[in-house]
Amino acid sequence: MIFPIFLGEIPIPNPLLGGLVLGLIAVGVLAYWFVWPKKDEPPEVTPVDIAIDPMVPSGPKSLLGPTVRVYNVPVRIVAIVVAPAGRGHDILSEETLRGLMESFLPQMMDVVRAHRPDVYRWPGQMSTRGFSQRFFAQANLPGEHGEGTPWLAIAGRFDYQGTGYLVGLVGCADEDNPLGHILVEQKQQWTDIVRIS
């Protein structure tokens, strides 16, 4: 008999008051979701398309300055893509990009000045493989991934000042070659694959 006595002591609110309370709760939830400031998250940025015209070969014959050889084939660097390794990083600043290019390969800044490639700064990428696949797709080399044409693309990882970066190079030789897509598996391989003299 305690149960009915207990219920008798609880006041049952007026239905109008109950509706008002539920309405205030609903407004509070909506305000929280739509009005309350969100945590500063970086906007999702997609990589910029690499704009090359593979039907217009741009080999190194007419260039002055350092010679770039990829597996001993002379090439002109047409495009460079750089992205931080991992998400949540800002797009590279001009100063960081210059420092990275100076450390990337010996004389790389001289190559940039002489070859005048298009330089693309992509947002952070999760993995070397993912970056390479996206880079090779965006480079859109002619033929069977550039094989048997003057065009080639190289992608891999490079560390600069304790931070990992992903680098892609698009190059064009004067003659057809079998190179196509080249994935740099280890960061130490860059100097074996790409030589500047």
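**Salt bridges, strand pairing and nonpolar cores**

Arg157 is partly exposed, with a relative accessible area of 32%. Here, buried denotes a relative accessible area under 20%, exposed one over 50%, and partly exposed the range in between, for a 1.4 Å probe and protein chains only. The structure is a predicted model, in which local features need pLDDT of at least 70 and side-chain atom pairs count only at pLDDT 80 or more, whereas totals for chains, interfaces and linings use all residues. Residues are numbered from 1 along each chain as its sequence is written, and side-chain values use heavy atoms, with hydrogens and water left out.

Arg157 takes part in a salt bridge with Asp159, in which the closest N and O atoms are 3.3 Å apart. A salt bridge is defined as a side-chain nitrogen of Lys or Arg within 4 Å of a carboxyl oxygen of Asp or Glu. Asp159 is likewise classed as partly exposed, because its relative accessibility is 30%. A salt bridge also joins Asp159 to Lys187, with 2.5 Å between the closest N and O atoms. Since Asp159 belongs to strand 4 (residues 149-160) and Lys187 to the loop between strand 6 (180-184) and helix 6 (190-193), this pair ties together parts that are 28 residues apart in sequence. Lys187 is partly exposed, at 35% relative accessible area.

Six salt bridges are found in a search of the whole structure. One of them pairs Asp110 with Arg113, where the closest N and O atoms are 3.0 Å apart. These two residues are separated by about one helical turn, because they stand three residues apart in helix 4 (residues 108-115). Asp110 is partly exposed, with a relative accessible area of 36%. Side chains of opposite charge can pair when their charged atoms come close.

The secondary structure of the chain comprises six helices and seven strands. Both kinds of element are DSSP runs numbered from the N terminus: helices are H or I runs of at least four residues, and strands are E runs of at least two. From the N terminus on, the order of elements is α-α-β-β-α-α-β-α-β-β-β-α-β.

Strand 2 (residues 73-84) is mostly covered, with 10 of its 12 residues buried. Strands count as paired if DSSP finds at least two bridges between them. Strand 2 runs antiparallel to strand 1 (residues 68-70), to which three bridges join it; within this pairing, Val68 has Val75 as its bridge partner. Strand 1 and strand 2 form a hairpin with two residues between them, and Tyr71 in the turn has a positive phi of about 45 degrees. Nine bridges connect strand 2 with strand 5 (residues 163-177), again in an antiparallel arrangement, and Ile80 stands opposite Leu169 of strand 5. By contrast, strand 2 and strand 3 (residues 118-121) run parallel and share four bridges, with Val81 opposite Tyr120.

The largest nonpolar core has 32 residues, and Leu169 and Trp190 have the most contacts inside it. Such a core is a set of buried Ala, Val, Leu, Ile, Met, Phe, Trp, Tyr and Cys residues joined through side-chain atoms within 4.5 Å. Strand 2 makes the greatest contribution to this core, with five residues. Apart from neighbours within four places in sequence, the residues in contact with Leu169 (heavy atoms within 4.5 Å) include Ile77, Ile80, Phe104, Phe135, Leu152 and Trp190. A second, separate core of 20 residues includes Val78, Ala85, Val170 and Cys172. In soluble globular proteins, nonpolar side chains tend to be buried together.

Some nonpolar side chains, however, lie on the surface: Val21, Leu22, Ile25 and Val29 form a patch with about 370 Å² of accessible area together. Leu22, which is placed in helix 2 (residues 15-34), counts as exposed because its relative accessibility is 60%. Over the chain of 197 residues, 40% are buried. Of the contacts between residues at least 6 apart in sequence, 76% join residues at least 24 apart.

Methods. Patch = residues over 30% accessible without salt bridge, like charges linked within 9 Å, V, L, I, M, F, W, Y side chains within 5 Å. Areas by Shrake-Rupley, 256 points an atom, 1.4 Å probe, with all protein chains shown as cover.
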